[in-house]
Every structure is written in structure tokens, then in C-alpha cells.
Amino acid sequence: MAIQRTFSIIKPDATKRNLTGAIVAKFEEAGLRIVASKRIQLTLAQAQQFYGVHSERPFFGELCEFMISEPIVVQVLEGEDAIAKNREVMGATNPADAAEGTIRKEFALSIGENSVHGSDAPETAAEEIAFFFSGLELVG
Ligand code: DAT
Ligand code: MG
């Protein structure tokens, strides 16, 4: 597998509980390098656009309200097989199903307040990186 980039969000439940550093440590321990990072607060319109793929799901409103409830940290992670590696470090969507040692197992509060987002495929990674970062902000 080649070196890839993936997009990550440290979500409001985690920034609120001062877990940004603990989560970044998990990425770095897994061999993922932070090549871009910023703390922002989403507008409702931005949250709705970012999660547009879920707009028909029953939890969409709750998800978007949660994502704008506190600042988030958006990052680009780089490394060997970064998309799959990040999903592995994150753990399952529902923390009750997440493996020991994963971010969601250790930190997530619920299936909704689950501490991190990570891209699920090369196409979504490219789209999500471009949604939040300009080329100038990516410093490999
Ligand atoms: P993931 O974040 O693991 O890629 P997803 O893309 O299926 O999971 O869903 C996006 C987010 O939506 C997820 O991180 C939390 C929220 N979500 C998913 N399923 C949910 C549910 N059944 N109830 C509440 N929120 C949910
Ligand atoms: Mg997803």
C-alpha cells in the first residue's frame, strides 16, 4: 500500500473534554503524521453540507446540531494505508462495538458523540480534505 492522506475530525464531545492531545497521540502512535490541523467552529449549513450523504437518516438533525455545539479540530493525516489505518485506530462507530485500545472505545460517549470522524475511502478523503483545506495548508 502506498502513502495516503485521510481527513479526520476531533468532534465536539472530545474537544469539550480536552481530549485533543490524547487523540492526536493515538494517531501518531499508529504511524499517522499530522500534515494539516486547525480548530474551527462549523456553521449549521457547513455541517449539513459535510454530512449531506446522511441527510435522509433519522439522526441527521441531531448529528448536525452536535457537530456545531463546540469547536472541532479538523486534520489531514498521512501515512502508509492511512485511510484504513485511521479507521482501525478510531474503532467502530458505536463505542459499544469498538475494539480495546481504539479511540472510540476509550473516549466516545455514545454512537452519536463518538469523538472522531475519519474518511472511509480515497474519493471521500479527497473531497473532505478539499472541503476544509487549501493546498497551501497541507504541509507534508
Ligand atoms: P462513521 O463515523 O463511523 O463513519 P457513519 O458514517 O455511518 O459512521 O455515520 C456518521 C456519524 O453519524 C457517526 O459517526 C455518528 C452518527 N451516527 C451514525 N449512526 C447513528 C445512529 N444510529 N444514531 C445516532 N447517530 C448516528
Ligand atoms: Mg462515515
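Visitor: Which residue does UniProt list for "active site"?

Guide: The unreviewed UniProt entry lists His117 for "active site". UniProt positions follow the numbering used here, feature names are shortened, and annotations may be inferred rather than shown by experiment. A word on the model: it is predicted, so local features need pLDDT of at least 70 and side-chain atom pairs count only at pLDDT 80 or more, while totals for chains, interfaces and linings use all residues. Residues are numbered from 1 along each chain as its sequence is written, chains are lettered from A and ligands numbered from 1 in the order in which they are written, and side-chain values use heavy atoms, leaving out hydrogens and water.

Visitor: Where does His117 lie?

Guide: Helices (H or I, at least four residues) and strands (E, at least two) are DSSP runs, numbered from the N terminus. His117 lies in strand S4, residues 116-118.

Visitor: Is His117 buried or exposed?

Guide: Buried means under 20% relative accessible area, exposed over 50%, and partly exposed in between (1.4 Å probe, protein chains only). His117 has 12%, so it is buried.

Visitor: How do I read strand pairing, say for S1 and S3?

Guide: Two strands pair if DSSP finds at least two bridges between them. S1 (residues 3-10) and S3 pair in the antiparallel sense over eight bridges. Ile9 stands opposite Val74 in S3. S2 (residues 33-40) also pairs with S3 in the antiparallel sense, over seven bridges. There, Arg39 has Val73 as its bridge partner in S3.

Visitor: How many residues of S3 are buried?

Guide: Eight of the nine residues in S3 (72-80) are buried.

Visitor: Which residues are around ligand 1?

Guide: A residue is near a molecule or strand if one of its heavy atoms lies within 4 Å of it. Around ligand 1 are residues including Lys11, Phe59, Arg87 and Gly112. Now look at the oxygen atoms of the ligand. One is 3.1 Å from a side-chain N or O atom of His54. For Arg104, the distance from a side-chain N or O atom to a ligand oxygen is 3.0 Å. For Asn114, a polar side-chain atom lies 2.9 Å from a ligand oxygen. The protein covers 78% of the 520 Å² of accessible area that ligand 1 has on its own.

Visitor: Is Val139 buried or exposed?

Guide: Val139 counts as exposed because its relative accessibility is 61%. Val139 lies in the segment after helix H7 (122-132).

Notes
A polar contact is a pair of N or O atoms within 3.5 Å; within protein, one must be able to donate a hydrogen and the other to accept it, and residues adjacent in sequence count only if both atoms are side-chain atoms. Accessible areas come from the Shrake-Rupley method with a 1.4 Å probe; for residues, only the protein chains shown count as cover.
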